[in-house]
Amino acid sequence: MWDDFDQALTELRRRGRMRQLQPRRLDGVHLVDEAGRRLINFGSNDYLGLASFVASNSMHVESVGAQASGLVCGWTDRHQLLADTIARFEQTEAAIVFPTGFAACSGTVSAVCRQGDLILSDALNHASLIDGCRLSKAERIVYPHRDVDAVARLLAEHRSAYRRVWIVTDSVFSMDGHVAPLGELCELAAGHDATLIVDEAHGTGILGDHVSGACEALGVKDAVPIRIGTLSKALGGQGGFVACPRAVADYLVNHSRPLIYSTALSMPAVESALAALSHPQEMRRRRDRVCALARNIRAQLGLRCTAIESGIPIVPIPIGTDTDAVAASRRLYELGMFVPAIRPPTVPEGQARLRLSLSADHSDEMVSRLIEGLPSF
């Protein structure tokens, strides 16, 4: 009955792409594996180290679960407080909180991009945005990664045929640490009556004077009406959000299936996000620390990038083949460091890599140890 599944798994093993869940214990900036081995964790998206910081301030909750979907009775006064806090943080009319960042991306794009619309989507967008595009009833065209000229050509050629045109992009791309050309995209959108949807998952907490993301850092917050974010990366918790005009928020409440038909964000996750956002100075201090580490490691490894990208805590180390990437990750594991090997389909064919994720809780000694372990690759 399951022969076709077995064959598919056998092919994954042959190509070095078989993945398995590995139970580990979290210990601050370390992982502890099943054998009890303690590893420096360079795979986490907890860029500011807020997961441990918030956990150390014990949070009292009256219920673990929200008990129902938001429209039934799961949207509590604490959910509303979090949404209002995010709206102030993002300087928007409203915000809606989703159970996950994936749900926020897929649920927003699939709801607001409707039949008769066109989506222009960056080729390296996150899977959650891609799924949102596929689930929507809009037509969609994938444009080459960060290719502003291609977007301009597509707008000139297709804009008049559609009711609305949406440009959908990550702000910081999760596997490369690239920053989207948001300024140029905003200019194109304004010139062609198009609208940007930007996923700030890896920009929130890292970029901008007030750490709200790349849109803030590049001075285009007012030109990007729909900004999606996550509570599970730099903010150290779990969940997702959409910061947007009130009309969009109300529309999502009535049309976004992942929001309507999911139990609302759990109460501990709500309290965790509120706690993280209540410490803006601590967030900025930790942001400055992790960005300094990122600039240092790029300089020592001779990795070239733009000024804004130099402080992004995602540092890709190109390897090439799947087998070599897995072997490189294994060698670092033996040296006491966890650095994940990233392989297709997460990245394009032939572009397997190590993906370093830095945290404000990494010490200078930890980073030096990492750098010493890399040259043999």
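Which residue is the bridge partner of Arg-227 in β10? In this predicted model, the bridge partner of Arg-227 is Ala-243, and this pair belongs to a stretch in which strand β9 (residues 226–230) and strand β10 (residues 240–244) run antiparallel and are joined by four bridges.

These two strands are part of an open sheet of seven strands, whose order is β4-β10-β9-β8-β7-β5-β6 and whose pairing is mixed. At the edges of the sheet lie β4 (94–98) and β6 (139–143), each of which pairs on one side only. When direction is ignored, neighbouring strands of this sheet are turned against each other by 20° on average. Helix α6 (residues 127–135) packs on the sheet, where it touches β5 (118–122), β6, β7 (165–170), β8 (195–199) and β9, and the direction of the helix makes about 160° with that of β7.

Ile-86 counts as buried because its relative accessibility is 1%, a value to be read against the cut-off of under 20% for a buried residue. Apart from neighbours within four places in sequence, the residues in contact with Ile-86 are Ala-95, Val-97, Leu-231, Phe-241 and Leu-277. Ile-86 can also be compared with Leu-274, from which it is 188 residues apart in sequence, although the two lie 9.0 Å apart in space, C-alpha to C-alpha.

Another open sheet is formed by three strands in the order β11-β14-β13, with antiparallel pairing. Its edge strands are β11 (314–320) and β13 (341–342), each pairing on one side only. Between β13 and strand β14 (residues 352–357), the antiparallel pairing extends over two bridges, and Ala-341 has Leu-354 as its bridge partner in β14. Helix α15 (residues 322–334) packs on this sheet and touches β11, β13 and β14, while its direction makes about 35° with that of β14.

The empty space inside the model was also examined. Rolling a probe the size of a water molecule over the atoms shows where such space is left. The count comes to one cavity of 30 Å³ or more, and the largest cavity holds about 50 Å³ of space. The residues that line the largest cavity are Gly-70, Trp-75, His-79, Val-97, Phe-98, Pro-99, Leu-259, Ser-262, Ala-264 and Leu-265. Sorted by class, this lining has seven nonpolar and three polar residues, with no charged residues.

Terms used
Residues numbered from 1 in each chain as written. Predicted model: local features only at pLDDT ≥ 70, side-chain atom pairs only at ≥ 80, totals over all residues. Heavy atoms only, no water. 1 Å grid on protein atoms, 1.4 Å probe; cavity = no way out; pocket = protein on both sides within 12 Å on 5 of 7 lines; lining within 4 Å. Points joined across faces, edges and corners; volume = space filled by probe spheres on them. Nonpolar A, V, L, I, M, F, W, Y, C, P; charged D, E, K, R; others polar. Buried < 20%, exposed > 50% of the residue type's maximum accessible area, 1.4 Å probe, protein only. Contact = heavy atoms within 4.5 Å. Pairing = 2+ DSSP bridges. Axes fitted to C-alpha atoms, helices over the stretch in contact; angles between N-to-C directions.
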